[in-house]
Amino acid sequence: MTRRRDGKPDKGRAATEPTSSAVTVTVCRGCCCGSRRKHPAFDHEGQLELIRAGGGDDVRVRVADCLDACERSNVMVVTPSAAGRAAGARPVWLGDLLDDDVATDVIEWAASGGPGIAEVPAVLDLYEFRPSRRARGGLVG
């Protein structure tokens, strides 16, 4: 059973809910990312379900309305766990993710420890980018 900040049992939360020490994958799905208008042939909902199913208990999946990196849609941000942050890792921004095999690489990396813990799959180097300061400021992890 999980506990609230005051130490009392939290009966409203499932015991398998990821903790704050979990890697977080934030998936942009508001403006351009997730848009049939911009990417009409891509199954955006299917990709999101693939990510949710693949993460298990070790990965927290969040959906953001817009991460303000529309030129790189579809965008995901992999935020390190507490252990990854302690090792010096920073969030990793990935763009142009319109391939389910690459999305699988992202979620498998996150499930194996993510930034600062597990080695980044080489293929993800092709998708990594540095977002604008404004975009980075909008992501609270």
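A residue is called buried when its relative accessible area is under 20%, exposed when it is over 50%, and partly exposed in between, with a 1.4 Å probe and protein chains only. The structure is a predicted model, in which local features need pLDDT of at least 70 and side-chain atom pairs count only at pLDDT 80 or more, while totals for chains, interfaces and linings use all residues. Residues are numbered from 1 along each chain as its sequence is written, and side-chain values use heavy atoms, with hydrogens and water left out.

**Exercise 1. Check whether the length of helix 1 agrees with its number of residues.**

Solution. The expected span of a helix is 1.5 Å times one less than its number of residues. Helix 1 covers residues 44-55, which is 12 residues, so that its span should be 16 Å.

**Exercise 2. Find which residues of helix 1 are buried, and say what they pack against.**

Solution. The buried residues of helix 1 are His44, Gln47, Leu48, Ile51 and Gly55. Because they cover an arc of only 100 degrees around the axis (taken from the directions from the helix axis to the C-beta atoms), they are on the same side of helix 1. On the other side of helix 1, Glu45 and Ala53 are exposed. The buried residues pack against strand 1 (23-28), strand 2 (59-64), strand 3 (76-79) and helix 3 (100-111), where contact means heavy atoms within 4.5 Å.

**Exercise 3. Locate the salt bridges and place their residues in the chain.**

Solution. A salt bridge is a side-chain nitrogen of Lys or Arg within 4 Å of a carboxyl oxygen of Asp or Glu, and by this rule the count comes to 2. In one of them the side chains of Glu49 and Arg52 meet at 3.3 Å, N to O; both residues lie in helix 1, 3 residues apart, about one turn of the helix. Glu49 is partly exposed at 43% relative accessible area, and Arg52 is partly exposed at 42%. The side chains of Arg72 and Asp96 also form a salt bridge, at 2.9 Å, N to O. This pair links distant parts of the chain, 24 residues apart, with Arg72 in the loop between strand 2 and strand 3 and Asp96 in the loop between strand 4 (92-94) and helix 3.

How values were computed
Helices (H or I, at least four residues) and strands (E, at least two) are DSSP runs, numbered from the N terminus.
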